[in-house]
Amino acid sequence: MSQRTYNQLWAHVHLELSRLLTEEMPSEPPRPEKDRVVFFQRLAMLYVRYIQIFRQLEKLYDQVIHPQKRRVIRAILDGVMGRVLELKNEMVEKEFSEYHYMDDVLHDLKLTPADLEIPVPRYFISDRSKELQERKTMLTDILKMVEVTESPEPLLAKDMSQEEAIKLIQVVERARQGRLRAKLNEESRNMNRMYRTKDPGTAAIELAAVCVQKVWRGYMQRKRAKIARDEEMIFLGMAMDPKYQVPCLAEITAQASEASTRIKQEDHEDDYQKSVVAVTNQLRDVESHDMSKTMKEQIRQWFIECRDATGSFPDYPDEEDGGSALIFAEKDPQQLMEEIAAKEEEDNKPKGKEEKKEKGKKDKGKDNEEEEEAGLKMLPSAFLPDLEVGNKTFVDFWQTRNESTNFNQRHEVELIKEEKRKVIEAEIRVQVDEQMRQELAEWKLAVDKDKGGKTKGNAKKKKGSKSGKKKKKEKDFTSDRTLESLCQELVEQGLLKQANNVRLQDYLGDYSYLGTTLRQNDIEPMPSMSDVRQVLSLYAILPLGSQVVHEKAPLIKAILLAGPAGVGKKMLVHAICQETGANLFDLSPLNTSGKYPGKSGLTMMLHMVFKVARLLQPSVIWIEDTEKMFYKKVPKEEKELDPKRLKKDLPKSLKLIKAEDRVLIIGTTKDPQSADIKSLCKMYNKIILIPRPDYGSRYILWKQLIKKQGGELTRALDLSSLAKISDGYTPGHMVQVIQSVVTKRRTLQQANRPLTAAEFVAPLAKIDPVFQEEEEALKNWYAKTPLGKKRIKAATGKEEEEAPVKGKDAKKKRKK
């Protein structure tokens with residue numbers, strides 16, 4: 001598409017965004033909703049609409065080449081991503097479930113399940129391509145060094161005894177004689193055939209001709225029937241036209257144009273950065289002197305006006321309050337003096353009974369409001385103000401801007417000047433404030449004969465208050481070591497690993513089409529693999545990929561993936577690392593056993609891992625078989641490994657992760673029942689249950705995995721029956737079966753003997769599936785988790801009965 005089309009799409013996105021903002025931020029606050037179903041329906045509708053905007057903005061940011069427009073789009077894109085996460089968090093709190101089924105919303109909005117798919121923004125990787133490449137080369141170099149140091153000893157030729165040598169010669173000689181005999185037999189058979197041939201008669205020739213005709217006509221008729229049947233299926237919409245299965249010329253040209261657009265983006269961005277440096281230097285040389293001069297004149301005028309209005313010179317505003325920027329806030333000198341005096345009184349005023357009384361009154365007022373307006377409300381958002389600012393920027397500036405002369409979509413110098421003037425003004429203001437403070441002190445000495453003791457006292461007080469708020473810093477045990485040396489040690493110890501090259505889209509699975517229907521009939525549906533993919537995109541990929549989103553969105557420090565063996569937990573961890581460019585640290589109990597022994601060694605290991613994870617963020621810390629860390633009772637065969645050594649220290653390190661640290665702990669478990677559920681739930685604030693695949697997901701898995709292995713899908717291969725009989729088998733089982741059946745030799749035979757479903761049945765029968773009992777045990781375990789308990793309470797109606805009891809009645813109940 002052309003840049004003009006993308007500009008029109010941007011205008012369309014902002015039109016929809018402005019509608020959403022007017023709905024979410026009305027002039028009068030909406031009344032609380034008492035019906036939980038209606039409230040959740042509203043949330044789901046907002047969530048789906050924001051996802052549509054998110055998908056379009058991601059496409060825009062990837063293809064728009066104007067550098068200044070891309071910055072505006074990026075800010076709005078981060079805001080929309082954050083708002084989607086906030087709505088997801090709110091839906092979880094209101095419905096008490098990590099999975100939500102919106103097939104009814106999709107039906108109302110006339111959308112497909114593909115429209116609900118969370119896209120992974122390409123800029124997560126493209127904007128950091130150089131950094132990621134350098135990190136990859138560093139890891140590969142370290143791994144090569146480790147392989148060289150740990151290379152095995154060269155193989156030495158073993159002495160062979162006389163008997164072994166004779167046996168070897170006999171085997172080789174017998175093989176040679178066998179080949180010669182086979183060759184002689186083949187020659188004799190050929191000679192016999194030559195002698196047997198006789199001159200055929202006329203009757204035999206006619207019979208042969210008829211036979212050939214029968215075979216040929218049968219073949220041609222079967223071919224015509226197949227073509228007619230395929231055309232009918234295509235006409236009915238039950239099969240895809242082969243021409244659409246292969247990328248057409250238009251798709252290939254579109255992909256090529258997108259690639260060339262990305263190259264143009266880089267060129268325009270380089271030009272923009274050079275222009276920013278040039279314009280900034282020019283403004284400093286030309287306008288900085290005039291700026292400082294006008295600021296000083298305005299500040300002196302303010303001194304004189306305050307002196308005339310109040311009879312004394314004012315106190316100069318502190319740097320923390322904004323310095324002289326407060327003076328130009330379109331206020332009278334009298335108002336500014338009153339504000340400064342009020343602040344001083346608040347600082348000097350002791351906290352006494354009056355404040356307590358006021359607080360008590362406020363609390364009572366809040367209780368009354370809660371009693372009056374009981375119901376469900378939307379939580380305050382950290383991203384809506386940013387979205388409003390971004391939308392206002394587009395409407396005020398870009399919507400009506402004439403770009404007829406800017407055909408190549410290059411940067412605009414006037415915009416850079418406007419932005420950099422503000423930066424230079426802020427720099428100059430700091431210097432001017434220092435000079436004007438001295439000048440004000442001289443004026444006071446000369447005119448008022450006042451040494452400015454008040455200001456000094458205030459400064460002392462503020463310094464004292466700052467020193468009181470100091471927090472203990474975390475000890476750095478490796479302050480004398482470089483980042484490269486720490487990485488090398490972690491790679492050598494096997495704690496820092498390279499993630500496998502898999503993407504989230506490789507985690508195949510179908511959408512759950514009956515989720516809402518089942519819930520309406522009080523049946524809790526098992527989530528599909530598409531739901532798992534969507535939840536991990538929201539909880540892991542989007543916060544790790546964007547710093548802005550991670551800082552403002554609801555903080556998720558640790559995620560637990562629970563499910564049977566083979567459902568793809570390990571693959572999902574590697575996919576998260578690949579999609580976000582995150583480093584992978586492995587703190588699994590089996591991987592850490594025997595490394596860094598003792599308490600001091602354990603402390604050093606955790607310190608190094610978390611230090612490198614923060615410095616090279618985003619980072620993922622993976623704990624495989626995390627239930628071993630929280631064993632109720634350690635099995636005898638695992639006591640030597642000491643799997644519980646991280647149980648106390650790891651949660652302490654987890655507490656040190658802040659909103660600005662893009663570090664995520666992901667635990668995987670196939671046997672959560674063996675762990676202490678309280679300590680496990682304390683560690684992981686998000687628990688995601690991954691079940692065995694349903695029929696739709698199994699069908700897609702068989703189809704795509706057989707194709708990937710090199711198999712051809714024909715009518716002889718009944719995928720529907722294969723998906724039906726493989727109920728209970730995981731994707732890992734399917735991969736294992738396909739690799740054993742679709743070998744290189746078998747792929748060469750496909751032309752004469754196509755693949756059939758029967759070939760997969762025998763190897764599938766040798767594997768034990770995930771039985772219903774195991775899945776029920778996982779469900780029962782999840783029901784004991786905090787979110788599972790809330791879900792059961794809400795389903796039984798206890799939550800609704802307890803919710804309205806507030807205020808005085810609630811206090812009486814507590815006393816009883």
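With which residue does Glu 117 form a salt bridge? The partner is Arg 533, and the closest N and O atoms of the pair are 2.8 Å apart.

## Basis

This is a predicted model, in which local features need pLDDT of at least 70, side-chain atom pairs count only at pLDDT 80 or more, and totals for chains, interfaces and linings use all residues. Residues are numbered from 1 along each chain as its sequence is written, and side-chain values use heavy atoms, with hydrogens and water left out.

## The chain overall

The protein chain has 33 helices and six strands; these are DSSP runs (helices H or I, at least four residues; strands E, at least two), numbered from the N terminus. Of its 816 residues, 39% are buried. Buried means under 20% relative accessible area, exposed over 50%, and partly exposed in between (1.4 Å probe, protein chains only).

Among contacts (heavy atoms within 4.5 Å) with a separation of 6 or more, 84% are between residues 24 or more positions apart.

## Salt bridges

The whole structure holds 36 salt bridges, each a side-chain nitrogen of Lys or Arg within 4 Å of a carboxyl oxygen of Asp or Glu. In the pair Arg 262 and Asp 62, the closest N and O atoms are 2.8 Å apart. Arg 262 lies in helix α10 (residues 249-310) and Asp 62 in helix α2 (residues 36-63), so this bridge ties together parts that are 200 residues apart in sequence. Arg 262 is partly exposed at 28% relative accessibility, whereas Asp 62 is buried at 10%.

For Glu 117 and Arg 533, the bridge again 2.8 Å between closest N and O atoms, the sequence gap is 416 residues, because Glu 117 lies in the loop between α4 (103-108) and α5 while Arg 533 lies in helix α18. Glu 117 is partly exposed, with a relative accessible area of 24%; Arg 533 is buried, at 10%. Through shared partners, salt bridges join Glu 58, Asp 62, Arg 122, Glu 258 and Arg 262 into one network.

## Helix α20

Helix α20 (residues 569-580) has twelve residues and reaches 17 Å from its first C-alpha to its last. That is close to the expected 16 Å, the expected span being 1.5 Å times one less than the number of residues.

Ten of the twelve residues are buried, including Leu 572, His 574 and Cys 577. Their cover includes α5 (123-126), α18 (529-545) and the strands β2 (558-562), β3 (583-586), β4 (619-624) and β5 (663-669). Just after α20, Gly 581 takes a positive phi of about 70°.
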